[in-house]
Amino acid sequence: MSLGYAEKLSYKEDVGTVGMSEIFDPPNVLQQKIEELALMIQKSKHLVAFTGAGISTSCGIPDFRGPKGVWTLQREGKGVPQASLPFHRAMPSLTHMALVELEKAGILKFVISQNVDSLHLRSGIPREKLAELHGNSFREFCPSCGAEYLRDFEIETIGMKETSRRCSDPKCGAKLKDTVLDWEDALPSKEMNPAEKHCKMADVVLCLGTSLQITPACNLPLKSIRGGGKFVIVNLQQTPKDKKASLVIHGRVDKVISGVLHFLNLKIPPYVRIDLVQLSLTQSLKKNKRYVKWTLRIASVHGQRAPLPFLKSVEVSFPDRPDLKAAVLLKQPFLLKSFGDGCGCPKSRIEWPIDFKVSVDSFSHDKDTVFQKLRDDALQDSNCGQYAVIEREGFSKPRSEVATYAIVTNVLSHNSLAIPKAFEVKPESNGTVTKRCIEDGNDNKAFVKRSKDS
């Protein structure tokens with residue numbers, strides 16, 4: 001949830017129950033429930049995840065109804081809470097990445113989210129397997145041709161209003177609109193229809209970090225019951241749907257999902273963030289041919305007027321020319337004009353090590369292949385800073401080039417949260433689960449096994 005989004009919403013007197021106290025299941029009860037959930041997921045044929053703001057609180061994004069939620073504090077007259085980081089720099093939580101692993105393993109079939117933070121898409125959930133019921137603060141759409149545009153900056157409006165950009169299709173060019181709903185906006189059929197379809201098909205709907213109060217979205221999980229399915233709620237507060245759920249777990253979502261993946265012998269994948277930036281360099285000779293005039297521009301791939309939220313400054317230096325001073329650009333758009341003697345192609349270095357020469361050659365690489373190679377390199381190096389050119393277009397008059405760079409700007413590994421020592425569950429290769437009780441710190445050799453069909 002974005003604080004900007006909360007402030008842009010129209011005023012609504014009744015936002016439902018807020019500020020409820022948090023409930024925590026005792027450690028042994030929590031572990032029993034995690035085991036039960038793991039077995040349900042293991043047996044499931046069509047698992048659907050239904051997510052709310054609670055899965056993003058560990059990312060530094062406040063929720064709405066918790067003790068320190070946006071609406072809770074507003075009702076107390078305390079205003080909007082402080083986020084721990086800019087919205088556009090939030091990284092997927094352990095739960096986000098666990099859902100990615102479940103999807104890649106073929107267990108999770110679909111994700112339905114009420115969140116607008118784009119973290120499911122950033123984590124790697126395919127767009128065709130995701131319904132964002134309330135929109136996405138980073139996504140625009142064309143009302144004419146239906147094209148979608150995912151940005152690396154937060155869209156300035158909400159309520160399906162026109163933005164300052166247009167569709168890039170030469171045959172269209174219509175004004176784009178934001179995708180985030182305001183209170184009076186109906187849920188779009190493009191998101192609602194597949195969400196309803198998958199809930200009806202689901203044998204398990206897993207509700208994570210949601211109070212299940214906002215209609216009509218909160219009624220979607222119930223559709224699984226009519227087809228003989230079950231739904232599970234993992235939330236720190238009570239919800240209006242608790243009595244209809246097959247299992248209610250009061251625990252932190254990250255801890256619960258970490259335990260589930262441990263039992264299923266699945267590892268939580270690391271998150272590697274890759275951002276795109278466009279660098280253009282134009283070079284020409286002055287009339288007296290004694291000086292080279294060149295212009296360097298660092299801009300967003302979404303247009304020269306679009307912000308570059310992940311860049312605060314650009315340093316341009318010339319390692320081969322100690323007589324030339326380095327330049328630091330602090331304001332967008334990052335534009336530097338300079339003169340150098342001779343006709344050689346100048347080199348430039350900005351914050352990440354990118355050396356390039358003006359070239360008239362053009363090429364284009366497969367984006368997915370480039371991204372995968374960068375991810376592999378970042379994980380092998382255990383840090384960020386890797387980069388690659390995705391495409392480059394060269395021009396002879398004036399001599400210039402425009403290149404799109406992909407840069408690894410963050411790497412985050414999520415360690416599985418520890419299983420309480422008082423109660424350990426060990427998944428076996430044959431699909432059974434062995435439960436071992438440990439009392440007073442001493443191992444008691446008493447085992448209880450539950451088979452796949454129990």
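Strand β9, residues 230-234, is mostly covered, with four of its five residues buried. This holds for a predicted model, as does everything below. Two other strands pair with β9. On one hand there is β8 (residues 204-208), which pairs with β9 in the parallel sense over five bridges. Within that pairing, Val 204 stands opposite Lys 230 of β9. On the other hand there is β10 (residues 247-249), and its pairing with β9 is also parallel, over three bridges. Here Ile 233 has Val 248 of β10 as its bridge partner.

A separate topic is the open sheet of four strands, whose order is β5-β4-β7-β6 and whose pairing is antiparallel. Its edge strands are β5 and β6, each of which pairs on one side only. From one strand to the next the twist averages 35°.

Strand β7 can be followed residue by residue. In a regular strand, side chains alternate between the two faces of the sheet. β7 covers residues 175-178; Leu 176 and Asp 178 form its covered face, while Lys 175 and Lys 177 form the uncovered one.

How much space does the largest pocket hold? It holds about 1,300 Å³. Rolling a probe the size of a water molecule over the atoms shows where empty space is left. The lining of the largest pocket consists of 39 residues, and those nearest the centre are Leu 150, Ile 274, Lys 367, Phe 371 and Arg 375. By residue class, the lining of the largest pocket divides into 18 nonpolar, 14 charged and seven polar residues.

Helix α5 contains Leu 121. Is Leu 121 buried or exposed? Leu 121 counts as buried because its relative accessibility is 17%, and the cut-off for buried is under 20%. From Leu 121 to Glu 132 the separation is 11 residues in sequence and 9.9 Å in space, taken C-alpha to C-alpha.

Helix α2 closes the tour. It has 17 residues, 27-43, and reaches 25 Å from its first C-alpha to its last, close to the 24 Å expected at 1.5 Å a residue. Which residues of α2 are buried? They are Leu 30, Gln 31, Lys 33, Ile 34, Glu 35, Leu 37, Ala 38, Leu 39, Met 40 and Ile 41. An α-helix has 3.6 residues a turn, so residues three or four places apart point the same way. Among the buried residues of α2 are Leu 30, Ile 34, Leu 37 and Ile 41. The buried residues of α2 also include Gln 31, Lys 33 and Glu 35.

Note on methods. Residues are numbered from 1 along each chain as its sequence is written. This is a predicted model: local features need pLDDT of at least 70, side-chain atom pairs count only at pLDDT 80 or more; totals for chains, interfaces and linings use all residues. Side-chain values use heavy atoms; hydrogens and water are left out. The expected span of a helix is 1.5 Å times one less than its number of residues. Buried means under 20% relative accessible area, exposed over 50%, partly exposed in between (1.4 Å probe, protein chains only). On a 1 Å grid over the protein atoms alone, a cavity is a set of points where a 1.4 Å probe fits but cannot get out, and a pocket is an open set with protein on both sides within 12 Å along at least five of seven lines; lining residues have an atom within 4 Å of a point. Grid points are joined across faces, edges and corners, and a volume is the space filled by probe spheres set on the points. Ala, Val, Leu, Ile, Met, Phe, Trp, Tyr, Cys and Pro count as nonpolar, Asp, Glu, Lys and Arg as charged, and the others, Gly among them, as polar. Two strands pair if DSSP finds at least two bridges between them. Axes are lines fitted to C-alpha atoms, for helices over the stretch in contact, and angles run from 0 to 180 degrees between N-to-C directions.
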